[in-house]
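The following note is intended for a colleague who is meeting this structure for the first time. Please read the points with the structure in view.

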Amino acid sequence: MLAAGYLGQRVVDGIDLEVRPGEAVAIIGSNGAGKTTLFRAIAGLLRPMAGRVILDGRDVTRWPAQRMAKAGVAYVPAERHLFGAMTVKTNLMLGAYPTRPDRETLESVFEIFPLLRERLQQRAVTLSGGQQQMLAVARALMGRPRLLMLDEPSTGLAPKLAKDAFDALAGLKGTGVTLLVAEQQVPLALSVADRGYVLENGRISLDGTPRELDQNPEVRRAYLGIG
Amino acid sequence: MKAVILDGIVLGLGFGLLGVGMTLVYGLGGVLNLAHGEVAVLAAIVVAQAMAGGIPTAVAAVIGVLAATSAALLLDLTLMRPVYRQTGGHRVLLGLLLTLGVAFMIEGALTWRDPLGALSINVPGRPISVLGVPMAAGSVWASVIALAVAAALLVFFGATIFGRAVRSVIQDELGARLVGISPALVRAVIFALSGGLAGVVAVTQSMTAPLTVNAGFNLTVTALIVSVVGGLGSVAGAFLAGVLLGIVDSVSAYYIGRYITSIVLLGAAVLTILVWPRGLLGSLQG
């Protein structure tokens, strides 16, 4: 039962969440529901106030973000945190830190995001929002993560581009990487997920398959504007 | 005039070497290391005493650089830890106060143990003609060393994995952590490197003029000015700014007078902050 927050205030509490290898799991919830806080706590950017984070049976609760990253947990925050003044290529190389990126990984990343191959020498800050999102995911993939955590990948993207981004994520599912995606656009989130959790006011209020969630009258009313 | 400018370049390469260590530490964590000059003096006194003990100059110089490197590493692993736990303005302020305290301690200890301490390395050899101007062998050697260090640093930051990791922490610390880079490790290595560079400065400066035990404050101020003008966190900027300021220093000392040069240099720093807040190359860093 994980709890985390800021300045003594619990933003998320009583979180019981499981992601199995190879799965794609969506966390859906409106703005301020606590999705980012939850992700920061899992990724090691925020020390949980209670509860534990377990990775492959190992307690990793107090591991700092850099150690989580090396252990194969890649977190792509909504603000992306790219190295803006560096080229696309250098960003990708740093994604593979501390090793040199191998051809194979690079090729598989270019297969998902072909556009990046043409932009290798361009500085990250000059990319469009959609391209920056691609680069952020690509940089995370360079470290060959086992779990890829994406916080609001649709942030700042036009609907068409957001859809493209999620299509790319759907393409990732076959590659063996486990996905955990936080998203407030429920249809997008459910389009890639095998399972989903609904986060409301810092607590998980519902969970189930996309089908179950999609049919749930609460979800339809609150997030889809239907009913 | 040509000789004055060449003198300025020699001086400026030394400035760059001095500033680059301070600028990297600042870029990585917002700490202006006010003990930077004192670490150089510490190295100078170690070299001087080693030479007095009969150790060959080159070996003594290496010992001095290693001593400065270890002193800086020790400082990072002990006193600087609580500083980096702070954020924003608190970190800047605590960093200033702590490193100022360290500067006083080093200066006090050295002055007490060796009040007349000074390092002077005599580079044998006849003056070497550079563009028709005879330059002292010591000046030429000091410049060659500074240029070699600058080149090595540029290769290190531009083409090695760890060098890129350092730049990534300068640009976006959180982003760096997300790709698995430990900012604490990077800072410790760079703080130690910065100490080593201060040691190299002690050696090169003493090739042209004696470096005395009370030189620390001036060295720190010079490093600060070079960092500001070059752009905080930029290696190339530090050397570019160093050479420009060296020429300004030399020309103003020749035509106006030595007493005015510190004011001219400070003026250059103030002007840079007003006109070009990121410094010469600060915005291009990366």
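1. Val73(A) stands opposite Leu147(A) in β7(A). Strands β6(A) and β7 (residues 147-151) of chain A pair in the parallel sense over four bridges; two strands pair if DSSP finds at least two bridges between them. Helices (H or I, at least four residues) and strands (E, at least two) are DSSP runs, numbered from the N terminus.

2. The model is predicted: local features need pLDDT of at least 70, side-chain atom pairs count only at pLDDT 80 or more, and totals for chains, interfaces and linings use all residues. Residues are numbered from 1 along each chain as its sequence is written, while chains are lettered from A and ligands numbered from 1 in the order in which they are written.

3. In chain A, six strands make up an open sheet with mixed pairing, in the order β6-β7-β8-β3-β9-β10. Because β6 (73-76) and β10 (203-208) of chain A are at the edges, each with a single partner strand, one side of each is left without a neighbour in the sheet. Direction ignored, neighbouring strands of this sheet are turned by 15° against each other on average.

4. Helix α6 (residues 129-142) of chain A lies across β6 and β7 of chain A and runs at about 170° to β6(A). Axes are lines fitted to C-alpha atoms, for helices over the stretch in contact (C-beta atoms, placed from the backbone, within 7 Å), and angles run from 0 to 180 degrees between N-to-C directions.

5. In chain B, Gly237(B) belongs to helix α11 (residues 235-255). Gly237(B) is buried (20 or more other C-beta atoms within 10 Å of its own, C-beta atoms being placed from the backbone), because 28 such atoms lie within 10 Å.

Definitions and conventions
Buried ≥ 20, exposed ≤ 12 C-beta atoms within 10 Å, placed from the backbone. Contact = placed C-beta atoms within 7 Å.
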